[in-house]
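Reader: I am new to this structure. Could you walk me through it with a few questions and answers?

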Amino acid sequence: MTPTIKVEKIVFGYPQQKPVLQEISFTLQPGERVALLGLTGAGKSTLLENLIGLKMPLSGEIRVKGTKLEQSNLPEIRRQIGFCFQDANDQLFMPTILEDVMFGPRNYGVSAGLARDRALALLDEFGLVEFAHRSAHELSGGQRRLAALAAILALEPAILILDEPTNGLDPSWRRHLAKVLSQLPIEVILIASHDLNWIGKTTQRALILAEGQIRVDEKTQELLKDRSTLEYYNLPPDW
């Protein structure tokens with residue numbers, strides 16, 4: 001079976017600095033829901049940005065569904081990956097959230113009618129259809145997060161990458177987001193998060209990134225029971 005994502009010995013760093021990522025390798029198989037854990041500054045966002053070509057590794061390679069990620073095929077790769085940034089406001093910029101959700105499909109040539117139908121169906125699924133004609137600034141943090149996710153899913157990606165999706169969400173919105181994710185027909189979901197309780201409910205496998213490398217690759221529930229490992233990597237489960 002071809003991995004959905006295969007990362008082989010990638011190195012990334014900034015000029016005159018120690019590499020942030022040091023020969024990182026892992027694979028994500030179809031059907032997996034994976035957490036990426038690590039301290040602030042460990043390089044989680046940098047790794048995610050390498051996976052979609054926002055940053056390009058200095059060496060090593062990334063393959064998405066068998067295709068090597070290169071500058072020449074970034075549009076093709078990005079059609080397959082939905083990426084949600086930490087701040088939903090980075091992805092919501094149109095006058096209304098309906099237009100935000102329609103934007104991606106329209107940009108790829110989908111007719112206005114089909115894009116609108118797809119957008120309204122997603123907003124309805126996420127409980128946001130009544131806000132379709134409001135701007136993102138009129139929504140709560142949780143609503144903006146779901147609107148940004150809807151805008152990504154309107155492109156029908158095979159892979160979903162979320163960077164700290166529960167930041168700023170209260171418990172009810174975290175629960176709602178977990179429910180939405182559990183029902184998505186997505187091949188692979190990769191979630192960078194500090195929210196251990198939440199990732200325990202949304203992922204089956206967890207990676208810990210520390211000192212530029214993947215130091216732990218374990219089933220999520222087994223890792224969450226391994227308090228000594230979590231404490232060693234400064235990820236106390238009760239905080």
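Author: Buried means under 20% relative accessible area, exposed over 50%, and partly exposed in between, with a 1.4 Å probe and protein chains only. This is a predicted model, where local features need pLDDT of at least 70, side-chain atom pairs count only at pLDDT 80 or more, and totals for chains, interfaces and linings use all residues. Residues are numbered from 1 along each chain as its sequence is written, and side-chain values use heavy atoms, with hydrogens and water left out.

Reader: How many residues of strand β7 are buried?
Author: Strand β7 spans residues 159-163. On one side sit Ile 159, Ile 161 and Asp 163, on the other Leu 160 and Leu 162, and both faces are covered. The number of buried residues in β7 is 5 of 5.

Reader: Which residue in β8 stands opposite Leu 160?
Author: Two strands pair if DSSP finds at least two bridges between them. β7 and strand β8 (residues 188-192) pair in the parallel sense over 5 bridges. Leu 160 is also in contact (heavy atoms within 4.5 Å) with residues including Leu 149, Leu 181 and Ile 189. Its opposite residue in β8 is Ile 189.

Reader: Which are the edge strands of the open sheet?
Author: The open sheet has 6 strands in the order β6-β7-β8-β3-β9-β10, with mixed pairing. At one end, strand β6 (residues 81-84) runs parallel to β7, joined by 4 bridges. At the other, strand β9 (residues 205-210) runs antiparallel to β10, joined by 6 bridges. Each edge strand pairs on one side only, and these strands are β6 and β10.

Reader: What angle does the direction of helix α1 make with that of β7?
Author: Helix α1 (residues 44-51) packs on the sheet and touches β3, β6, β7, β8 and β9. Axes are lines fitted to C-alpha atoms, for helices over the stretch in contact, and angles run from 0 to 180 degrees between N-to-C directions. The angle between α1 and β7 is about 155°.

Conventions:
Helix = DSSP H or I, 4+ residues; strand = E, 2+ residues; numbered from the N terminus. Lists of a residue's contacts leave out its neighbours within four places in sequence.
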